[in-house]
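These notes are meant to be read beside the sequence and the model. Please check each point against the coordinates.

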Amino acid sequence: MLDSKTLVVKIGSNVLTQSNGLPDLDRMEHLVSQIQKLISSGKKVVLVSSGAVAFGRQSIPLPGGLNPVFKKQIWASTGQIRLINQYQELFAKLNQPIAQILVTKEDFRDRKHYLNMKNCIEALLQQGILPIINENDTVTITELMFTDNDELAGLTAAMINADTLLLLTNVDGIFTGNPTDPNSQLIEKVASSMPEVSNYISATKSSFGRGGMLTKYAMAKKSASLGIQVFIANGKRDGVLTEFQNKSLRCTWFEPNKSKHAAIKWLAHGAHYYKGEITINQGARESLTSTVIRSLLPIGITAITGEFSKGDILLIRDTEQNKIGLGRAEYASKIAQELIGLKNQKPLVHYDYLYLFDHE
Ligand SMILES: Nc1ncnc2c1ncn2[C@@H]1O[C@H](COP(=O)(O)OP(=O)(O)O)[C@@H](O)[C@H]1O
Ligand SMILES: N[C@@H](CCC(=O)OP(=O)(O)O)C(=O)O
């Protein structure tokens, strides 16, 4: 376990709910006081909290036959107020100001939204205000949705260049089998050099969770590959964050690789957030994937689809349409279209902003 200065703490729905579905306010208060201690010890903390649907569901009864999308929207929009009010009340007792940020996947796709969000979170942290983030569930339906808040927490950690991601759920970490089976053992450490552990994980979810342990694992691995240490731990355990601070946390710890450049962290999560697609010829493919660092020049481009602006994410494909990597556009699609195949032009993707999938 490494020291941490900037961390994202994600609290799953089931951590904040009792088995009967009612909000677990004692647990919430306990976590709030520990988060406040992390902040007062000098750490910058961003909280990603689920729980809107769970808080809404217990207070607003709805007819069984109602369209599930409407149900989710009603519970999320009514529950989010309850959730954030509860946080507001608990943090206010400790004189800790908070801010609410509701985001959609689209906010990570659009460079302007992304930068606005990043700047806002950084400004809040500078002022000692705790940002509390959740998905804006009322507008994100099906393909617009994050897989779950673990994905949102991973994206947030990359965005703010956090060194640590703490995923609090209702089990102590990843086990070698069903966590309720006494023969299952906690996997305490995952490193890129170690064999895969995903086959231990079953698709079961906690009663209020969305993504399950598999998506948590995938996001944890990706974050660790970018240089962010990840802890999956039990938010229902008393003193979980104090144990984290004392480096005595019972958890699954993902050892981070060498930290990647902030722009690469952002790009690496861009697989679902690109604005345009670029097809490159064989020569450009060889050049980009060689050991020599090279930018992507218009001469190696054979086709461009989609409309993008300077700064947007681009997906790069070879002539067989294999996905090669992601890059940040140095100029807009309108200009790029005119330069396809031309010599002596400015790179469309600079090598500092190029993320090749082989490097994962
Ligand atoms: N091998 C495993 N180790 C730990 N948990 C597992 C494993 N396989 C499946 N799970 C399930 O994953 C659940 C946690 O994921 P999830 O329901 O998405 O939580 P959250 O709401 O906190 O995001 C656990 O409650 C557990 O039932
Ligand atoms: N945005 C939703 C959370 C969805 C979700 O990912 O839940 P979880 O798997 O418990 O982290 C809510 O607040 O209810």
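How many disulfides does the count come to? With a disulfide taken as a pair of cysteine sulfur atoms within 2.5 Å, the count comes to 0.

On conventions, this is a predicted model, in which local features need pLDDT of at least 70 and side-chain atom pairs count only at pLDDT 80 or more, while totals for chains, interfaces and linings use all residues. Residues are numbered from 1 along each chain as its sequence is written, chains are lettered from A and ligands numbered from 1 in the order in which they are written, and side-chain values use heavy atoms, with hydrogens and water left out.

1. Cysteines. C120 is partly exposed, with a relative accessible area of 35%, whereas C251 is buried, at 4%. Here buried stands for under 20% relative accessible area, exposed for over 50% and partly exposed for what lies in between, using a 1.4 Å probe and protein chains only.

2. K10 sits in strand β1 (residues 6-11) and counts as buried because its relative accessibility is 5%. Setting aside residues up to four places away in sequence, K10 touches V48, S50, N149, D150, A153, L166, L167, L168 and K216, where contact means heavy atoms within 4.5 Å. Helices (H or I, at least four residues) and strands (E, at least two) are DSSP runs, numbered from the N terminus.

3. A233. This residue belongs to strand β7 (residues 229-234) and, with 0% relative accessibility, A233 is buried. Beyond its neighbours within four places in sequence, A233 has contacts that include L167, L168, V240 and C251. The C-alpha atoms of A233 and I280 are separated by 43 Å, the two residues being 47 apart along the chain.

4. Helix packing. The axes of α1 (residues 25-40) and α3 (residues 68-93) come within 10 Å and cross at roughly 50°, which makes α1 oblique to α3. Axes are lines fitted to C-alpha atoms, for helices over the stretch in contact, with angles from 0 to 180 degrees between N-to-C directions; under 35 degrees counts as roughly parallel, over 145 as roughly antiparallel, 65 to 115 as roughly perpendicular and the rest as oblique. Among the residues that meet are L25, M28 and V32 in α1, and L83, Y87 and F91 in α3.

5. The UniProt annotation "domain: PUA", from an unreviewed entry, covers residues 276-349. The end C-alpha atoms of residues 276-349 lie 12 Å apart, and the span is 20% helix and 31% strand.

Note on methods: UniProt positions are given in the numbering used here, feature names are shortened, and annotations may be inferred rather than shown by experiment.
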